Structures are given as structure tokens and as C-alpha cells.
Amino acid sequence: MKKNRILCIATMLCGLIACHAQTNGYESLSVEAYEQTIADTSVVRLDVRTAAEFAEGHIYKAVNIDVLKPDFEQKAVASLPKNRLIAVNCRSGKRSKNAANILVHNLSLIHISEPTRHAQI
């Protein structure tokens with residue numbers, strides 16, 4: 001019984017360490033933290049939704065580059081500054097994570113928003 005308990009605790013600790021050690025190279029923020037982050041005018045606001053979604057409403061001064069387009073990485077790397085924080089958003093968070101995974105190799109300062117409402121901030 002004691003061996004099982006120790007084995008169980010060791011397994012849980014290994015899992016926690018592995019999860020903590022796994023890094024995506026970007027930080028996922030709550031809606032509130034994201035709003036605080038983009039309050040800084042030096043932060044680049046990248047909206048990775050489609051142009052049609054962007055036209056329906058977007059965060060003030062956001063740049064729109066559709067992550068679903070085949071030239072997303074090329075456009076983003078060419079147009080986004082490499083030395084400023086990039087705050088990425090979409091509708092549900094899935095495309096933001098996809099975009100961050102693509103861009104993290106070229107742009108090191110990336111924060112993404114968890115699913116957000118798209119009021120114009």
C-alpha cells in the first residue's frame with residue numbers, strides 16, 4: 001500500500017514537472033490581463049481573424065492578418081516589429097494559439113488572449 005502511494009505521488013509530480021517544463025514560447029492571458037496589456041500603446045495588437053470578422057468589429061488600432069491564409073507567416077514577419085510585444089486575439093482563442101505557435105519562431109514577445117468578447121476596446 002505504501003509503495004502504491006509513493007508511486008502515485010511520484011507519477012503526479014512527474015506530470016506536474018512535465019507540464020510546467022513544456023513551454024510554448026508565448027503567454028496566454030485572461031481577458032482582463034489582455035486588456036491591461038494592450039492599454040500600453042507600444043503593444044502591437046494583432047487580430048488573426050478573417051477580414052470579414054475584423055470588419056464586423058475589432059480592438060482599437062488592431063492590425064488584421066488572417067492566420068488561415070497561406071501567406072500569414074510571411075505577412076506577419078514582414079510587417080510586425082520584432083522588438084515589441086505582440087498581443088494576439090481572435091474569436092475563440094484557437095486561431096490565436098495557432099498564430100502564436102507560428103510566430104514564436106520569429107517574434108519573441110507574444111501574448112495571446114483567452115476567448116474574448118470583441119467589444120471595441
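**Reading the fold and a helix pair**

Guide: Of the 121 residues in this protein, 35% count as buried. Please keep in mind that the model is predicted. The protein has 5 helices and 5 strands, and from the N terminus on they run α-β-α-β-α-β-α-β-α-β.

Visitor: What makes a residue of α5 count as buried, and which ones do?
Guide: The cut-off is a relative accessible area under 20%. In α5, Arg95, Ser96, Ala99, Ala100 and Leu103 are buried, so each of them falls under that cut-off.

Visitor: How do you know on which side of α5 they lie?
Guide: They cover an arc of only 140 degrees around the axis, and that puts them on the same side of α5. These buried residues pack against β2 (44-47), α3 (51-55), α4, β4 (86-89) and β5 (110-113).

Visitor: Why are α4 and α5 called roughly perpendicular?
Guide: The axes of α4 (residues 72-79) and α5 (residues 94-103) come within 10 Å and cross at roughly 65 degrees. Angles of 65 to 115 degrees count as roughly perpendicular, and therefore the two helices, α4 and α5, get that name. Their crossing is right-handed.

Visitor: Which residues of α4 and α5 meet?
Guide: From α4 come Phe72, Glu73, Ala76 and Val77, which meet Ala99, Ile102 and Leu103 of α5. By class, this contact has 6 nonpolar residues, no polar ones and 1 charged. Glu counts as charged, so Glu73 is the charged residue here.

Definitions and conventions. Residues numbered from 1 in each chain as written. Predicted model: local features only at pLDDT ≥ 70, side-chain atom pairs only at ≥ 80, totals over all residues. Heavy atoms only, no water. Axes fitted to C-alpha atoms, helices over the stretch in contact; angles between N-to-C directions. Helix = DSSP H or I, 4+ residues; strand = E, 2+ residues; numbered from the N terminus. Parallel < 35°, antiparallel > 145°, perpendicular 65-115°, else oblique. Left-handed = near helix turned anticlockwise from the far one by under 90°. Contact = heavy atoms within 4.5 Å. Buried < 20%, exposed > 50% of the residue type's maximum accessible area, 1.4 Å probe, protein only. Arc of directions from axis to C-beta.
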